[in-house]
Amino acid sequence: MSEYQLLRAAAGAGKWLVLVLFLAASSVVFVSALRHLIDMAFGDPKSTVGVARSSKAGFLIVVSAMGLLLLLGLWMPVWFSGALGSAAAVLGARV
């Protein structure tokens, strides 16, 4: 589900508190994700840069997470879609 769809649904249903909380939480998430870019653009440059170590476990975690994300982006199981619909119904959203 797109963030834009969530915003439209909240605004359309008149759930202004949910809308404000979602925007605040999204802002925290995006600023946290872009913190390193913000530091590069506006912060002091670091004199030393550490070498990143790679491991097989880290590679497997990233590949499995991205594979699951791709799978859910292309195909959503009926049981998962039903669970999301039930959660939306509890919150009073129209599905």
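Good morning, colleagues. By the ring-centre criterion of 6.5 Å, the count in this predicted model comes to one aromatic pair. The partners are Trp79 and Phe80, whose ring centres lie 5.7 Å apart. The angle between their planes is 70°. Since planes over 60 degrees apart count as edge-to-face, the pair formed by Trp79 and Phe80 is edge-to-face.

Are these two residues buried or exposed? Trp79 is exposed, with a relative accessible area of 65%. Phe80 is partly exposed, its relative accessible area being 27%. The cut-offs matter here: exposed means over 50%, and buried means under 20%. Phe80, at 27%, is therefore placed in the class between those two limits.

Let me turn to the chain as a whole. How many helices and strands does the chain contain? There are five helices and zero strands. Read from the N terminus, the order of elements is α-α-α-α-α. The radius of gyration is 19 Å, whereas the globule rule gives 12 Å for 95 residues; the chain is therefore more spread out than a compact globule. Along the principal axes, the C-alpha atoms fill a box of roughly 55 × 35 × 20 Å.

I close with the surface. Of the 95 residues in the chain, 5% count as buried. The chain exposes about 8600 Å², and carbon and sulfur atoms supply 72% of that area.

To summarise, we have a predicted chain with five helices and one aromatic pair, in which Trp79 is exposed and Phe80 partly exposed. Thank you for your attention.

How values were computed:
Residues are numbered from 1 along each chain as its sequence is written. This is a predicted model: local features need pLDDT of at least 70, side-chain atom pairs count only at pLDDT 80 or more; totals for chains, interfaces and linings use all residues. Side-chain values use heavy atoms; hydrogens and water are left out. Rings of Phe, Tyr and Trp (its six-membered ring) pair if their centres lie within 6.5 Å; planes under 30 degrees apart count as stacked, over 60 as edge-to-face and the rest as tilted. Buried means under 20% relative accessible area, exposed over 50%, partly exposed in between (1.4 Å probe, protein chains only). Helices (H or I, at least four residues) and strands (E, at least two) are DSSP runs, numbered from the N terminus. The radius of gyration is taken over C-alpha atoms; the globule rule is 2.2 Å times the number of residues to the power 0.38. Accessible areas come from the Shrake-Rupley method with a 1.4 Å probe; for residues, only the protein chains shown count as cover.
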